[in-house]
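Look at the model below before reading on. The report then walks through selected local features.

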Amino acid sequence: SEYKNYIRWIEHSVKYFREDNVALISKEKEIESQWAEISGAWTIEYQWNTITMKEAEEYLKSSDRTIRKEIFELMEERRYQDSIQLDKIMSDLVQIRTQIANNCGFDNYTDYRFSWRYDYTKSQVNDFHEAIRVVINSLMKLFFEDRKRILWLSKLQPYDFETPLITIENNEWFPSTEDMIDKLCVLVTKLDPEFATFIRTMQEKNQLDLDTRPNKAPWWYNFPLA
């Protein structure tokens, strides 16, 4: 029973294996890597320094609205430089993924992807989205009004949502990567001591890559060594 999900995934993989999809899936992965390569190379120039997007995001928390606005516009201008290429990547993915789904007998890629889900259906997700539209959106409007009032703004802009509503003298959660790992292990040890040892082992073997730098996708922190 402990392998239930894994066995179910294998059975599904066998059921919907199609020879024609082998090359298509390889191409899909190749195109996905292009997105990671492009986005990982994004940097901006600010105060005579080259900083990554993750580093730039910290400035969006500044209490100085002028700084937030400047950083936000620099980030968006940099993303826009690759907009044509990114649009092509998305269009290519839509075409390839639709063909993958069609080869497996599905009308569209959405239905194909949901065939791999066992805990909820597409209809339930649509219901969830509708609940967010009706309930959560109304609540968020109240939060936005509060934010606007506390920040003394007549109108909120996209660069006004990250700055803290209460001034914090030191907004640095983790002074260093080592400090972040130490605090993570304190937390994880209380949940699963064995898992904490795995983190320490990866740290000792230099298998964690947590710092941001140019040409590194923001969400990449380690790589499977199968």
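Predicted model: local features only at pLDDT ≥ 70, side-chain atom pairs only at ≥ 80, totals over all residues.

Residues are numbered from 1 along each chain as its sequence is written, and side-chain values use heavy atoms, with hydrogens and water left out.

**Pocket**

The second largest pocket holds about 290 Å³ of space. A pocket here is an open set of points on a 1 Å grid over the protein atoms alone, where a 1.4 Å probe fits, with protein on both sides within 12 Å along at least five of seven lines. Lining residues have an atom within 4 Å of a point. The volume is the space filled by probe spheres set on the points, which are joined across faces, edges and corners.

Lining this pocket are 16 residues, and I25, I100, Y112, R113 and W116 are the closest to its centre. Which helix gives the most to the lining? Helix 2 does, with 6 residues. Helix 1 (4–15), helix 2 (19–40) and helix 6 (109–114) each supply at least two residues. Helices (H or I, at least four residues) and strands (E, at least two) are DSSP runs, numbered from the N terminus. The lining has 9 nonpolar, 2 polar and 5 charged residues. Nonpolar means Ala, Val, Leu, Ile, Met, Phe, Trp, Tyr, Cys and Pro; charged means Asp, Glu, Lys and Arg; the others, Gly among them, are polar.

**Surface patch**

V134, V135, I136, L139, M140, L142, F143, F144 and F161 make a nonpolar surface patch of about 770 Å². Patch residues have over 30% relative accessible area and no salt bridge, and nonpolar side chains (Val, Leu, Ile, Met, Phe, Trp, Tyr) are joined within 5 Å. Areas come from the Shrake-Rupley method with a 1.4 Å probe. One member, V135, is found in helix 7 (residues 122–150). V135 is partly exposed, at 45% relative accessible area. The classes are buried (under 20%), exposed (over 50%) and partly exposed (in between), with a 1.4 Å probe and protein chains only.

**Backbone**

Most residues other than glycine have a negative phi. Q47 has a positive phi, near 50 degrees. Q47 sits in the loop between strand 1 (43–46) and strand 2 (49–52). W152 also has a positive phi, about 55 degrees. W152 lies in the loop between helix 7 and helix 8 (177–191). W152 is exposed, at 79% relative accessibility.

**Salt bridges**

The whole structure has 20 salt bridges. Each is a side-chain nitrogen of Lys or Arg within 4 Å of a carboxyl oxygen of Asp or Glu. Three of them are tabulated.

| Pair | N to O distance |
|---|---|
| E76 and R79 | 2.7 Å |
| K88 and D92 | 2.8 Å |
| R149 and D146 | 3.3 Å |

E76 and R79 are about one helical turn apart, because they sit 3 residues apart in helix 4 (residues 65–81). E76 is partly exposed at 36%, and R79 is partly exposed at 27%. K88 and D92 are 4 residues apart in helix 5 (residues 83–103), so about one helical turn separates them. K88 is exposed at 51%, whereas D92 is partly exposed at 22%. R149 and D146 lie 3 residues apart in helix 7, about one turn. R149 is exposed at 54%, and D146 is partly exposed at 36%.

Terms used
Patch = residues over 30% accessible without salt bridge, like charges linked within 9 Å, V, L, I, M, F, W, Y side chains within 5 Å.
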